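Reader: I am new to this structure. Please take one part and look at it closely, then show me what lies around it.

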Amino acid sequence: MSPDRIACVSLPLFPLAARLRSEPELSREALVVVEGNGNAARVVAGNRLARSAGIKAGLTLPQARALCPKLVARSRDEECERAAQEALLEVAERFSPRVEDTGEGTAFLDVNGIEHHFKGDSPELDLGRSLIAAAEAEGLPARLGIASSKLAARIAAGLPDSPVVVPPGQEAEILAPLPLARLSPEVEIAETLERWGVRSIGDFAKLPQSRVASRLGKSGRDLHATARGIDPRPIIPREPPPTFNEGMNLEWPLLSLEPFLFVGRAALERLCQRLEACGLACVRLELGLRLEPDGHQTRSLDLPAPTRDVKTLLTLVRLDLEARPPGAPVVGFTFTAHPDRPREAQLSLYGPAALSPDKLATTLARLFALLGPGRVGSPRLVDGHRPERFALVEFTPPPPPEVRRAPRPGRGLLAVRVLRPPVALEVLTREPAGTTEDEPPVEVRPVVTAENEKRPKIEGAVRVASGPWGLEDGWWSEAPADRADREYWDVELTTGGIYRLYRDRESGEWFADGIYD
Amino acid sequence: MTYALVTLTIHGMALSLPAPAEPPLSQPSGRGGAALQRVRSALPEEMRARLRSARELDRTLRDEEEEHPPLATAVPALDRLLDGGLPRGHLVELVGGRTSGRFSALLTTLAAATSVGESAALVDLGDALDPAAAVALGVDLERLLWVRPTDLKEALAGTEMLIGAGFALVVLDLGAPPVRGGRGVEAGWLRLARSARAHGSALLVGSPYRVSGTVAAAVLKAGRPRALWQGGEGSPWLLGGLSARIEVEKHRRRLPGQSEGLDLVAADAPPVVKPAAPPAPRTAELPAAEHTWEPLRAVGGG
């Protein structure tokens, strides 16, 4: 049985790599990532320009600035690092179903059987190159090593000329020249080996196994096996996360919307790129805002169909923030996308063309952003008698028929144009109201209100009136808004037009709720 | 002197939308053809392909029609006046005031499209759709996307998005006057027409007055409505239907003024829970002779 093959993909200078992924424009500056506050902040990592100025990890920020006055400093950002780590894992999952998340910009992949996917002379090398290219496309400068154990793969990933493939059985040779500290021995064992004069992993591996076990105990024996390239730790695959996150801690609090949308757009672009790489789309977007001094706010945006359209998502965020401003300066944010499978459709050769599910989802989301909730959807009937009733549901058209068929002949029915809300009217009847039942309208005119100025003007003498038709609905409800007790009339006015009027029996007021058209 | 009819079609100049691919030009013949060739040779290279004789233009349009058959509306008057239905890739405007039958014609067109399995969209600026009435007319609600904008600007933007999504039929109804947002600018309608052309969608605009300017491929006007009432002579009046005429205002192959009748029958609306007692006499305003016909007839003019 061939030994397991494990790949280790790692991001050198992880805090810096994560920052540059979020702010790629900083790559042209001398940049350091620092940890701590004020003058006590210490450099954690610096880019090539900073390093060439003599800046090293561990320097304080004032020391670093003394070496390079134009230095740009950014503090470590957990949000950026978390998102970069997730992006790295997603890249790895494109190449292997078993990926272990070890944090800090490192992941292990099970690459057994990879030769079925990469047919060249050196499939592992091809895999490594492909994975590095995929990571770079996501803004992650990754390095990769492949070996038969996790430790050897990790060390191979740290060597120059990435990707590095360690042939099976040669793990010990790779480890031999490295200092013993790379094995992270216990303090007591490290002191003992120091006294013995053992400096490198190779020196330690040459010692007889039985002697090491008798002098250093079980821990020493395990460490010795590791030094000989034997690492029995298996890969522990991670569970795919239910959501996708992208966010950032901001250097300065943001007070207005435009700068926030600028940084938010970049985060949404990264989020949608990750969703696309996994073949998913966003069906609900949550925005978490960290507010100054210590507030937190979460808002949720439900989408009518799964989408990956950045412009649409950004418009929805803008509309939501305009409608409900956060009320305090924003110091950080996180976008959380709840993924769903995008809609799929089978195209027909002979039937009517089906709508492209992707285009439809994007269009629905854009319409939703343009018009707001409750204004886009597929209409449905609602039980009841009130003509203004309706329900809107998500538009998911069934697939078109496989063969084009002839249209049904029209029924030639007269439709009613519903007036929502009904137009309030003043109506003259032959007898004073309440004198007799069912007194027909003789003349109508609109109630003079500011609202009615923008509504269809319904005015004139009644030529013909037909009715009344009683309508009673919701009588069992205690809420007045749910009850309807109306007396309907169809009237034709001398000024033109046939209208549907009703008198509310409870209030005695008249309304027009439809035009026959 | 030449009397060759030369039509200059300027595509893609007013807007940023891409111009549709032009078919190769044929070699013109005859006296008019020679004149056309002279004009072409005098034009810059990039303009030559945009200059066509009426015959060439007509042939191109006929080829397009053969390739993309029109979308039947199931309104006999509309289908007859539009030579079989709504042309795909074009804007057709149906103008009609209150109680002109315009809204019924729009819904019947939606019913025809959805009944054959096409997805259709209604951009309803007046927020006037009654789903129950739509079902009665035969609309398959599952295939209908209902968009309820609040002003004309939103309606135009939404319509353009729907055309871009690939809907075979997009109906834009501006509602009863006053239209929220006015008439819009002609450039907006031109943009819609070009978008419909680029995506091959049939775009039907229903408006109380003419709004689309010169960009519509056809403009029809629904008018001369007459209400049809049943009853009288002691029995209750019932709305029986509506009779109107649809008239051509602009069409490539028809003369203005040609018209067809539009007859609509009233459905069972509003929902009747219980019929009321026989109403009191209410026909005093009408001449007695006009209340005698049975079972369906017009009372007065519209």
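In which strand is B:Arg224 found?

Author: This is a predicted model. B:Arg224 is found in strand E8 of chain B. B:Arg224 is partly exposed, because 16 other C-beta atoms lie within 10 Å, and a buried residue would need 20 or more. Now look for B:Arg245. B:Arg224 and B:Arg245 are 21 residues apart in sequence. In space they are 6.0 Å apart, C-alpha to C-alpha.

Step back to the whole of chain B. Chain B has eight helices and 12 strands. Of its 302 residues, 48% are buried. Take the contacts in chain B between residues at least 6 apart in sequence: 72% of them join residues at least 24 apart.

Next comes the other chain. In all, 83 residues of chain B are in contact with 67 residues of chain A. Strand E8 (218-232) of chain B is among the elements that give two or more residues to the side of chain B that touches chain A. Strand E9 (235-250) and strand E10 (259-266) of chain B are also among them. So are helix H5 (102-115), helix H6 (131-137), strand E5 (144-147) and helix H7 (152-165) of chain B. H5(B) gives the most to this side, with eight residues. By kind, the residues of this side divide into 54 nonpolar, 16 polar and 13 charged.

Strand E13 (residues 376-380) of chain A and E5(B) run antiparallel, joined by two bridges. In E5(B), B:Val147 is the bridge partner of A:Val376.

Now follow the nonpolar core. The largest one has 208 residues. H5(B) gives the most to this core, with eight residues. The core residues with the most contacts inside it are A:Val9 and A:Leu88.

Five strands form an open sheet in the order E5-E6-E1-E7-E8 (chain A), with mixed pairing. Strand E5 (99-103) and strand E8 (164-165) of chain A stand at the edges. Each has a single partner strand, so one side of each is left without a neighbour in the sheet. E5(A) pairs with strand E6 (residues 106-110) of chain A in the antiparallel sense, over four bridges. One bridge partner to find is A:Ala107 in E6(A), which goes with A:Asp101.

Two helices lie across strands of chain A. Helix H5 (residues 123-137) of chain A lies across strand E1 (6-10), strand E7 (143-147) and E8 of chain A. H5(A) runs at about 155° to E7(A). Helix H6 (residues 150-157) of chain A lies across E1, E6, E7 and E8 of chain A. H6(A) runs at about 145° to E7(A).

One more helix of chain A is worth a look. Helix H11 (residues 257-277) of chain A has 21 residues. At 1.5 Å a residue it should span 30 Å, and its end C-alpha atoms are 30 Å apart, so the two agree. Its buried residues include A:Gly264, A:Leu268, A:Arg270, A:Cys272 and A:Arg274. What covers the buried residues of H11(A) includes helix H4 (78-93) and helix H12 (310-323) of chain A. The cover also includes strand E9 (244-254), strand E10 (281-291) and strand E12 (330-340) of chain A. A:Gly279 follows H11(A), and its phi is positive, near 70°.

Conventions:
Residues numbered from 1 in each chain as written. Chains lettered and ligands numbered in written order. Predicted model: local features only at pLDDT ≥ 70, side-chain atom pairs only at ≥ 80, totals over all residues. Pairing = 2+ DSSP bridges. Contact = placed C-beta atoms within 7 Å. Axes fitted to C-alpha atoms, helices over the stretch in contact; angles between N-to-C directions. Nonpolar A, V, L, I, M, F, W, Y, C, P; charged D, E, K, R; others polar. Core = buried A, V, L, I, M, F, W, Y, C linked by C-beta atoms within 7 Å. Buried ≥ 20, exposed ≤ 12 C-beta atoms within 10 Å, placed from the backbone. Expected span 1.5 Å × (residues − 1).
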